[in-house]
Amino acid sequence: MKNKDMTTAMKNSISSVLETMFFLSLDFSDDIDILELWDTGKDPVIAAKLSFSGPLSGYAVFCIPKKSALSITADFMGKDEQEISDDQINETVKEIINMIIGNTFSMYDPDVVFDLGVPELVGFHDSIKGLPDSEKSFSVVIETLENYMAFQMNFINA
C-alpha cells in the first residue's frame, strides 16, 4: 500500500464530501497530533468508526467536536440548532464517515471492491491511537472556520 496515494485519495474525498454536501470551507493541517486538537473536557468530541475489508483491511475513525457536528447537522437539515436531536447529530457523523471512506476507496482504486461495515459511535480516547507504524496508519486533520475535524485510518493487513 502506498500511504501517500491513500492520503491523497482521502484528502480529495474529504474535500469533495464536506465542501459539496455540507458547504464547509476547509484546509488540511499537517503535523498536528489528533490527541492535542481539542480540550474534550470543555468541548465533547464525537468519534465514529467504520471497519473495512478487501485488499486492505482495517478501520477508520472520524472525530468532530459536538458543537461543530450540531452546526453542520442543522445546516444540512435546514433547521435551527435548537431543533436538532443528539440522534440526528450522531447519524450525520456516521453518514459523513461512510461517505468519505467509500469515496476514498473509489478514488484510491476504482477497480477494486472494498466491503464497508456499519458506522458506529466509539469513545474518542479509546478509538484514537498513536501512529507508531506509518506504514499501517495515518491521520488527516481538517481545519474549518469553526474548529478542527480529523480522520485516522488504521490497516490490519497493509
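Asn147 sits in the loop that joins strand S6 (137-144) to strand S7 (148-155), where helices (H or I, at least four residues) and strands (E, at least two) are DSSP runs numbered from the N terminus. This is a predicted model, so local features need pLDDT of at least 70 and side-chain atom pairs count only at pLDDT 80 or more, while totals for chains, interfaces and linings use all residues. Residues are numbered from 1 along each chain as its sequence is written, and side-chain values use heavy atoms, with hydrogens and water left out.

With a relative accessibility of 14%, Asn147 counts as buried; the cut-offs here are under 20% relative accessible area for buried, over 50% for exposed, and partly exposed in between (1.4 Å probe, protein chains only). The Asn147 side chain makes a polar contact with the side chain of Trp38 at 3.4 Å. A polar contact is a pair of N or O atoms within 3.5 Å; within protein, one must be able to donate a hydrogen and the other to accept it, and residues adjacent in sequence count only if both atoms are side-chain atoms. Once neighbours within four places in sequence are set aside, Asn147 is in contact with Trp38, Asp43, Pro65, Ser68 and Ile142, contact being heavy atoms within 4.5 Å.

Over in helix H1, Ser13 has a relative accessible area of 0% and is therefore buried. Its contacts, again leaving aside neighbours within four places in sequence, are Met99, Ile100, Asn103, Thr104 and Met107. Tyr108 belongs to helix H3 (residues 86-108) and is partly exposed, with 24% relative accessible area. Tyr108 and Asn12 are 96 residues apart in sequence, yet their C-alpha atoms are 10.0 Å apart in space.

Next come the charged pairs. Searching the whole structure turns up 2 salt bridges, each defined as a side-chain nitrogen of Lys or Arg within 4 Å of a carboxyl oxygen of Asp or Glu. One of them joins the side chains of Asp86 and Lys66 (3.0 Å, N to O). This pair links distant parts of the chain, with Asp86 in helix H3 and Lys66 in helix H2, 20 residues apart. Asp86 is partly exposed at 45% relative accessibility, and Lys66 is partly exposed too, at 30%. A salt bridge also brings together the side chains of Glu91 and Lys94 (3.0 Å, N to O). Here both residues lie in helix H3, 3 residues apart, or about one turn of the helix. Glu91 has a relative accessible area of 47%, so Glu91 goes down as partly exposed.

Then there are the rings. A pair of aromatic rings is described by the distance of the centres and the angle of the planes. Rings of Phe, Tyr and Trp (its six-membered ring) pair if their centres lie within 6.5 Å; planes under 30 degrees apart count as stacked, over 60 as edge-to-face and the rest as tilted. By this rule the tally is 7 aromatic pairs. For Phe22 and Phe76, the ring centres are 4.8 Å apart and the planes are at 40°, so this pair is tilted. Because Phe22 lies in the loop between H1 and S1 and Phe76 in helix H2, the pair ties together parts that are 54 residues apart in sequence. Phe22 is buried, at 5% relative accessible area, whereas Phe76 is partly exposed, at 45%. Phe105 and Phe114, in turn, form a stacked aromatic pair, 3.9 Å centre to centre with 15° between the planes. Both Phe105 and Phe114 are buried. Ring pairs also link Phe52, Phe105, Phe114, Phe138 and Phe155 into a cluster.

Together with Met21 and Met77, Phe76 forms a nonpolar surface patch with about 260 Å² of accessible area in total. Patches are made of residues with over 30% relative accessible area and no salt bridge, with like charges joined within 9 Å and nonpolar side chains (Val, Leu, Ile, Met, Phe, Trp, Tyr) within 5 Å. Accessible areas come from the Shrake-Rupley method with a 1.4 Å probe; for residues, only the protein chains shown count as cover.

Most residues other than glycine have a negative phi. Phe23, however, has a positive phi, near 55°. Phe23 is in the loop between helix H1 (3-21) and strand S1 (26-29) and is exposed, with a relative accessible area of 71%.
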